[in-house]
Amino acid sequence: MTNDDQKKTDTGSQAGDTTETLRPDQEGETSEVEVLDAETDNMEEDADLSGFPDMDEGMFAQVQEMMGKLQRADELEKENADLKHRLGRLAADFESYRTRTAQDSAEAQGQGVSKAAEALMPVYDDIDRAVTMGSGDPAKLIPGMQAVQGKVLNIFSSLGLEATGKEGEAFDPQWHEAIQVVSGEQDDMIVQVYQLGFRMGDRLVRPARVVVSKKD
């Protein structure tokens, strides 16, 4: 073997030894990574506490919890402000609705009064004519007033009013008010009317004030 061959053999052996020495062990590598992660976590914790050198981990956790609660309180305050704003808008809308409803009701009432007055104007005209005619001839006053009376009843009927409590009608305490009881041939019969009553459907507008008969 020449000197050159011997040098090549020695060089190859040294390279093999170097390669075997530099081959990483898998388990050793994993352990080193875990150690590095743990060290990184500890460094982060130390960084969090670095601004408070005299504070331990328990106290720092309490501070973090308090800061979280303060943040939650700020969120609740914002939610409360939003709810107050919405409530204010709702109150304003309701006030507008109430005002509008009151105006509509007042307008409807005014229209009703106007229509009722318009319906009674012809009655006034008839009364005026009856008084004028009766002043010259009193005998003509009664027919004129009877005509006015009939016209008023017709107007009431057009408004949905129905007269109740006429003579010969059976007494009904739902519609009639007995102001006197007299002897008669039948029980509970209206024999005299002091004041005519009116009803609108099943609702009593004014009771009739009547005299009622009773058998002896």
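Colleague: Where is the place of Met-145?

Modeller: Met-145 has its place in helix H4, where helices (H or I, at least four residues) and strands (E, at least two) are DSSP runs numbered from the N terminus. This is a predicted model, in which local features need pLDDT of at least 70 and side-chain atom pairs count only at pLDDT 80 or more, while totals for chains, interfaces and linings use all residues. Residues are numbered from 1 along each chain as its sequence is written, and side-chain values use heavy atoms, with hydrogens and water left out.

Colleague: Is Met-145 buried or exposed, or something in between?

Modeller: The general idea is a set of cut-offs: buried means under 20% relative accessible area, exposed over 50%, and partly exposed in between (1.4 Å probe, protein chains only). Met-145 has a relative accessible area of 36%, so it is partly exposed.

Colleague: Which residues of H4 are buried, and which exposed residues does the face turned away from them carry?

Modeller: Gly-144, Val-148, Val-152 and Ile-155 are the buried residues of H4. They lie on the same side of H4, because they cover an arc of only 80° around the axis, the arc being that of the directions from the helix axis to the C-beta atoms. On the face turned away from this buried side, H4 carries the exposed residues Ile-142, Gln-146, Gln-149 and Asn-154.

Colleague: What span should the 18 residues of helix H4 have?

Modeller: The expected span of a helix is 1.5 Å times one less than its number of residues. For H4 (residues 141–158) this gives 26 Å, which agrees with its end C-alpha atoms being 26 Å apart.

Colleague: How should I read a salt bridge, and which residue forms one with Arg-72?

Modeller: Side chains of opposite charge can pair when their charged atoms come close. A salt bridge is a side-chain nitrogen of Lys or Arg within 4 Å of a carboxyl oxygen of Asp or Glu, and a search of the whole structure finds five of them. Arg-72 forms one with Glu-75, the closest N and O atoms being 3.2 Å apart; because these two residues are three apart in helix H3, they are separated by about one helical turn.

Colleague: Which residues does a network of salt bridges that share partners join?

Modeller: The side chains of Asp-126 and Arg-129 meet in a salt bridge (2.4 Å, N to O), and both residues lie in helix H3, three residues apart. Salt bridges that share partners join Asp-126, Arg-129 and Lys-151 into one network.
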